[in-house]
Amino acid sequence: MAASPRTARAINDRLALRLLQQEGPLTAGQLKELTGLSRPTVADLVERLTAAGLIEVAGEARGRRRGPNAKLYGIVARRAHLAALDVRTEGVALAVSDLVGGVLAEASLPIADDTGTGPAVEQAVALVERTAKEAGADRLHTVGIGAPGLIDPATGELRDSTGLPEWHRRLVAALQERLPEARVSVENETNLAALAEQRDGAARDRDTFVLLWLGHGTGAAVILDGALRRGASGGTGEIGFLPVPGTRGLPSATDCAGGFHSLAGAAAVASLARACGVVPEPGADPEAAGAVRAAVSAPRSAAHTRFLDTLADRVAVGVASVVALLDPGCVVLGGEIGQAGGEALAARVHDRLTVMSPLPVDVRPSTLGGGAVLRGALLTARDHAQDELFGVPGH
């Protein structure tokens with residue numbers, strides 16, 4: 001059944017807007033070539049989108065032919081402002097951007113462990129309001145939040161998790177109350193990191209892969225056939241609870257001690273570094289990432305080699321379990337420790353997997369590292385805002 005004229009116009013408009021988002025400003029001729037639409041159809045959609053305030057003339061394309069240069073059309077970036085937050089136990093990082101993702105302002109705020117729930121929430125909300133004002137945003141259209149813990153797939157809310165501060169859960173509701181016109185959404189931090197690696201990082205050529213997050217904690221995000229998989233309760237990737245050999249016990253429902261976290265979490269990696277005699281680079285957070293960077297920078301040292309080899313042994317145990325269950329073909333080592341290990345750690349893990357598993361797997365280091373969560377939150381906020389705004393009125 002052929003689409004109605006109204007539906008066809010909507011499809012064409014969204015196609016043009018997506019191309020402008022991906023490619024940047026384009027001429028009407030370039031839109032015609034990329035969409036395969038006729039010249040009159042492109043002229044109509046350009047007129048419609050301009051009238052709707054979604055695109056505008058962004059300059060002129062320099063051509064070799066004589067005569068006037070063709071107009072370049074681009075998305076009206078100032079049409080909406082977005083905010084992205086990376087919420088950690090020790091503080092908040094924030095970026096405010098325009099509709100196409102151009103960052104206008106950034107800020108961060110440490111929050112001490114002894115800060116009460118109310119004051120912590122107020123400090124974080126005030127940071128968002130202040131940074132938005134500095135960015136010239138009268139209002140925020142969409143706010144994307146990345147946080148540790150489980151996201152309830154039915155409600156989209158951050159679930160109460162043992163060991164995480166209460167202000168995390170309160171922050172989402174407080175932002176929605178203070179910013180009633182904004183759409184506020186929260187996603188697990190590791191899931192956002194994986195989305196960022198898929199779009200802008202180490203997994204751009206993969207539609208199926210697993211991101212293993214190695215930082216203060218451990219986690220995994222699963223992308224299958226291009227889609228993020230969260231699981232029945234939102235717990236896909238809680239690899240810290242995975243029972244593994246080499247620990248002193250088994251994890252429990254409330255404590256991942258004894259699981260993979262006890263082998264590859266930051267505290268365990270820092271303890272291993274001390275046992276191997278590796279001195280971390282000063283000022284590193286977590287300390288384990290500094291130890292890994294120090295070892296990678298001096299690979300000929302016997303102590304550094306022993307440390308990296310043992311760390312790879314530990315990481316490979318968790319990765320082998322993931323590979324056996326999912327056969328993802330690619331595993332990205334993310335987080336501060338994964339990024340610090342770089343190719344040196346990734347290659348060691350790959351070598352061990354070739355012995356442990358019959359399934360081929362490419363092991364890669366993150367190219368975004370600790371900034372992946374904030375980047376993923378910004379990309380998600382941008383997608384939400386564009387999905388809403390690109391539903392062009394008047395069709």
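At 36% relative accessibility, Arg-178 counts as partly exposed, a class lying between buried (under 20% relative accessible area) and exposed (over 50%), with a 1.4 Å probe and protein chains only. The model is predicted, so local features need pLDDT of at least 70 and side-chain atom pairs pLDDT 80 or more, while totals for chains, interfaces and linings use all residues. Residues are numbered from 1 along each chain as its sequence is written, and side-chain values use heavy atoms, without hydrogens and water.

**Exercise 1.** Find the salt-bridge partner of Arg-178 and state which helices the pair ties together.

*Solution.* Begin with the criterion, a side-chain nitrogen of Lys or Arg within 4 Å of a carboxyl oxygen of Asp or Glu. Arg-178 meets it with Glu-129, the closest N and O atoms being 2.9 Å apart. Next, place the residues: because Arg-178 lies in helix H5 and Glu-129 in helix H4, the pair ties together parts 49 residues apart in sequence. Finally, Glu-129 is partly exposed, at 31% relative accessibility.

**Exercise 2.** Determine how Arg-169 and Glu-166 are placed relative to each other in H5.

*Solution.* Both residues lie in helix H5, 3 residues apart, about one turn of the helix. An α-helix has 3.6 residues a turn, so residues three or four places apart point the same way. Arg-169 and Glu-166 form a salt bridge, with closest N and O atoms 3.8 Å apart.

**Exercise 3.** List the buried residues of H5 and what they pack against.

*Solution.* Trp-167, His-168, Leu-171, Val-172, Ala-174 and Leu-175 are buried. The buried residues of H5 pack against S4, S5, helix H4, S7 and S8.

Definitions and conventions: Helix = DSSP H or I, 4+ residues; strand = E, 2+ residues; numbered from the N terminus. Contact = heavy atoms within 4.5 Å.
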